[in-house]
Amino acid sequence: MRVLALESSCDETSAAVLHGPADAPVRESLVILSQDVHRIFGGVVPEIASREHLAAIVPVARRALADAGRTLDDIDAIAVTHAPGLVGALLVGVSYAKALAAARGIPLLGVHHMEGHLFATALDHPEATPPFTALLVSGGHTMLIDVAAWGDYRLLGATRDDAAGEAFDKVAKLLGLPYPGGRHLEALAATGDPDRFRFSRPMLNGGQQPTDSDYFDVSFSGLKTAVLLAVRASDDLDRDRPHLACAFQDALVDTLVAKTLRAAVAHGRRRIVLGGGVACNRALVTAMTTAAASRGAQVFAPSPRLATDNAAMIGAAALFRLGRGERDDATLTAHAAAPMPGLVDATARHR
Ligand code: KG4
Ligand code: ZN
């Protein structure tokens, strides 16, 4: 089966062509158009994002077909992100996908964006398949998921406040870096001295037990405030900026690594799969790899193009669900928030 996948949930307009089987998908093309305009505003402006998607979706899809050397005649199904995300942005992809599927008389499938992130890494690393522990860290989400099999997910932990990427972006802003700040902060941190400042590790202490409500959850808003107070207290911010970036990143990375390893140990998983934009962070990947190796576990991180929002991951998730006979009809619509299919919420608040 060959699928044309579309993604327009936030500020990337993306299309990809993938050829199944679901357990060994081949990526024939991937086009990602990042909306640069939001940089001016220091954050994504939803109405502008929708308009940009509207202008881009047709040429981006055409380019993906051309890059794959295919036409719509070769496409067996259309997949599209339908949740979660900015509703106006999602609607552009969903409306276009519905029109294409109806015009061609081929199946349509709506894909949950976060399930897409779970499938992304396997496109780079065929061994990144279940069972595994997944850490999804993006601008909008921080989720620790036990993946027993594709479609069989347990949410073990999540953020109580800011997502990991959001914390990176907010702290980057505090330090005067451009939006989105994650990669700028990583670059600045690389020049800092890790011993100059130290922030406490949020929701992390050795005495925590698996039954504690904060054993797997994370929280980054206190860390952000600690950086803010340190910025205010500094008598020479130009001198301290790289050291503060380094101390912030160390605290966040240590926390994510510790919580992810707890999840892997609790479920006896030997593979850890990272996803989402923050999985581009080399300090995170390196620390996770080292810590996992000491417990005999292996870490798989996606390449930057597959870590951030892209349609290839939507196509990969779609091949799995289409293979199970799942289909949507013309009633498919966009949702700002929706439960991930197959996800059981096993976080402390739901135990
Ligand atoms: O997955 P993604 O592209 O979009 C969402 O679905 O949110 O993630 C974007 C997030 C942003 O917060 C960005 O700052 C962060 O990923 N990010 C990074 C790095 N590259 C991107 N954070 C830390 N280090 C990086 N190298
Ligand atoms: Zn995403």
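**The zinc site**

Guide: Three residues donate atoms to the zinc ion (ligand 2): His113 (NE2), His117 (NE2) and Asp309 (OD), which lie 2.1 to 2.2 Å from it. The model is predicted, so local features need pLDDT of at least 70 and side-chain atom pairs 80 or more, while totals for chains, interfaces and linings use all residues. Residues are numbered from 1 along each chain as written, chains are lettered from A and ligands numbered from 1 in written order, and side-chain values use heavy atoms, without hydrogens and water.

Visitor: What makes these atoms donors of the zinc ion (ligand 2)?
Guide: A donor is an N, O or S atom within 2.8 Å of the metal (3.2 Å for Na, K and Ca); water is not among the atoms, so a site may look incomplete. At 2.1 to 2.2 Å, the atoms of His113, His117 and Asp309 qualify.

Visitor: Why is the arrangement around the zinc ion (ligand 2) called irregular?
Guide: Four donors are tetrahedral if all angles lie between 85 and 135 degrees; four are square planar and six octahedral if opposite donors are over 155 degrees apart and all others between 65 and 115; anything else is irregular. The 4 donor atoms here subtend angles of 92 to 147°, so the arrangement is irregular.

Visitor: Which parts of the chain do histidine 113 and aspartate 309 tie together?
Guide: Histidine 113 is in helix α3 and aspartate 309 in the loop between α9 and α10 (311-323), so the pair links parts 196 residues apart in sequence. Helices (H or I, at least four residues) and strands (E, at least two) are DSSP runs, numbered from the N terminus. Histidine 113 and aspartate 309 are both buried.

Visitor: Why is aspartate 36 called partly exposed?
Guide: Buried means under 20% relative accessible area, exposed over 50%, and partly exposed in between (1.4 Å probe, protein chains only). Aspartate 36 has 49%, so it is partly exposed. Aspartate 36 sits in the loop between β3 and α1 (46-68).

Visitor: How many residues of each class line the second largest pocket?
Guide: Its lining has 9 nonpolar, 1 polar and 1 charged residues. Ala, Val, Leu, Ile, Met, Phe, Trp, Tyr, Cys and Pro count as nonpolar, Asp, Glu, Lys and Arg as charged, and the others, Gly among them, as polar. Helix α3 gives the largest share of this lining, 3 residues.
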